[in-house]
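Hi everyone, thanks for coming. I'd like to walk you through one structure today, starting with the whole chain and then looking at two parts of it.

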Amino acid sequence: MVHRSPIFRHVMAAALAAGLGPLANAVPAKAAPTKSNPHPSVILITIDTLRADHVGCYGAEAVKTPTLDGLARDGVVFERAISQVPLTWPSHAVILTGTYPFQNGVQDFTGQPLAPQFRSVAQSFKQAGYATGAVVSAFVLDRSWGLGRGFDFYDDAFSAETFQKKDIGLVDRRAEESIDHAIAWLKKTPRRPFFLWLHLYDPHSPYDPPEPYRSEYRSHPYDGEIAYADHELGRLMAWLKQNKLYDSSVIVALSDHGESLGEHGEDEHGFFVYNATVHVPLIVKPPAGSGIQAQRRRDPVETAAVAPSLLQLAGVKDSIQTQFQTPSMFAAAGARDAAYSETFYPFSSFGWSPLRALETGRYHYIEAPQPELYDMVADPEEKTNRAGEQTATVAVLEGKLQQRLKVNPFAAKTSAVTDAKLNPDAAEKLRALGYMAYHSPVGDAVVGSGQADPKEKLWEFNAILKATDAFQIGDDEKAKALLAAVREKDPDIYIVAFLLGETALRRQNWEEAATELKKCLELNPNFDQAMTGLARALDKLGNPSEARQWLDRALKFNSQNYRVWYELGHLESRTDKPAAVRAYEKAITIQPNFAPVRRDLGMLQFQQQNYSEAAEHLGKAADLGLDEAPLFNFLGISYSRTDRLQKAVATYQRALKLDPDYAEAHLNLGFAYQRLGRAEQAGKEYDQACRLDDKLCRFVPGHGR
Ligand SMILES: [Zn+2]
């Protein structure tokens, strides 16, 4: 379903045909703070996955966005804003650092965090005496990726602990909660200029707006999410106005990328770099007295220009300005004449070709194995590829693109990025958000033979996405049929074997899991996630020595993969308990909040009668949200054995709440009551235990006498 307004396209086309370039949109060169307001507060709002043409002030008619439209009336609307990368985390790294993805190394979500030498505008504002706060709404922007630097307050709330406790629901949150947190922070912030970055995630899939938007936008729920996010944003604007902060502040609203909604065969974003996903809304409301008039600009601008523009409008000078790779949107010399974008997602996760593109006011050129050129005036929907006939234009734009790519003052510092490995914890959360998060180390043979063009692989990509969805709802038959078809077309694609192997593991089909994961490792020999799963399958099949070989190999490749240490501990626990304890402890050092390893280490300590250590780890597993009756039973015994009887009672009661017919827990609770001198309650528990399981009767004090 596509809601791109035809009226908007006419307006656009007319403007472009009239040759309105950057100069026609010139603004006062000295767009700068005034004496009475030397350092205005700055609010940066990023609304995830928001297509420009689904915003009222960009011509959308099917969705109500009064808040953004209001900002547009008071500010500068950039009609041709281009995101440098259609993926959440890399795009935000661009916005906050003013550098390009190929420079800062954050090219997809499977890489490592932003390298420490990259400065964020938050650091610049902090240095200038601003209070700095961020409220982000999805795990992809969790502080662990490196964007927390410079913020006094970074409200992510997707810590491993929360994640384990509350399950996958908390890998993102709705606008209502984020806006509440933003307002609460503003209320607490002392009277000095502030820099607030607010990120809202609602328009990102799945499209599931709350009422009344769910009903009102039933046939186009993506718009319902937009209308909802805009409505919530309205509360923040109202609060700013009530507190006399609206006029005086710089307010910038934009999106990190769009959403394809089926155009070009792509449903969401990240795979291609067409305008459906790289053209974003960008509105800048300047502070009162800046001299910048409310207006609409049609020159192409990049989201990399946001950070330089924020500093300029706030009158802040900082060393980050030497890091910026593009001037402010309000610079006297004018912005760039072409906007860059790229995606490495097809490459990093599947081994297909990356895509790079350059958009001028007139043309959109996409560098791919089969290059593409679109005339944005005649063909704004990018339906007719003119690369074959307009070879001279292609050559010019390819030359410009290569010039761009040559500029990399950070090259030496980010070269390690190619070795990045996906941390398994991050992979799990990313998958909970619906991402196909894998990291495919592409072999030299593949690179040498030339990578496939993503547009030739679209069918495979969509089939894999559909298969993942089908597995998630338990429709294995459909998923397997889809993957079989992909495999027939492309026998070398390792993700198919990996998905089949992972699912077989979850379904406890150990034979099938081992077969598929071995196949996966033949196609992608360095894939440590597959090695871990294969080891578990082999162990279950009674082959622990081969299982161990795979774990050793996985550790050689990625010694920080705590799941490998966990599996190793499990393997050792049968024959060498001290070695098992060491392996589990290693896993905990890497990831202290992985609940299953806490549980299993606690049980191992329990078996060795180390009750104090057992209580510590089992207690931590319970705190992390493992809700298992036996866990509470053994934790209760550990407390009892270390003379913490009140705690033992409460813990047995938790076990019984989960499983009221748990005979051992009744018996143990009876013992604890007895030691506390509560004979009557003890008697009741003994009776229950004996009634539920007569084998336990002989343990009841005085029984049979
Ligand atoms: Zn995003």
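Let me begin with a definition: two residues are in contact if their C-beta atoms, placed from the backbone, lie within 7 Å. What we have here is a predicted model. Counting the contacts in the protein with a separation of 6 or more, 62% are between residues 24 or more positions apart. The protein has 705 residues, and 52% of them count as buried. In secondary structure we have 30 helices and 13 strands.

Now to the sheet. Four strands form an open sheet in the order S10-S11-S12-S13, paired antiparallel. From one strand to the next, the twist averages 15°. S10 pairs with S11, residues 355-359, through five antiparallel bridges, and threonine 343 sits opposite leucine 355 of S11. Which strands does helix H13 touch as it packs on the sheet? H13, residues 391-406, touches S10, S11, S12 and S13, and its direction makes about 65° with that of S12.

Let's move on to a helix pair. The axes of H17, residues 458-472, and H18, residues 476-489, come within 8 Å and cross at roughly 160°. Angles over 145 degrees count as roughly antiparallel, and that is why H17 is roughly antiparallel to H18. Their crossing is left-handed. Among the residues making the contact are Ile464 and Phe471 of H17, and Leu482 and Val486 of H18. By class, this contact has 10 nonpolar, five charged and no polar residues.

Note on methods. Residues numbered from 1 in each chain as written. Predicted model: local features only at pLDDT ≥ 70, side-chain atom pairs only at ≥ 80, totals over all residues. Axes fitted to C-alpha atoms, helices over the stretch in contact; angles between N-to-C directions. Helix = DSSP H or I, 4+ residues; strand = E, 2+ residues; numbered from the N terminus. Parallel < 35°, antiparallel > 145°, perpendicular 65-115°, else oblique. Left-handed = near helix turned anticlockwise from the far one by under 90°. Nonpolar A, V, L, I, M, F, W, Y, C, P; charged D, E, K, R; others polar. Buried ≥ 20, exposed ≤ 12 C-beta atoms within 10 Å, placed from the backbone. Pairing = 2+ DSSP bridges.
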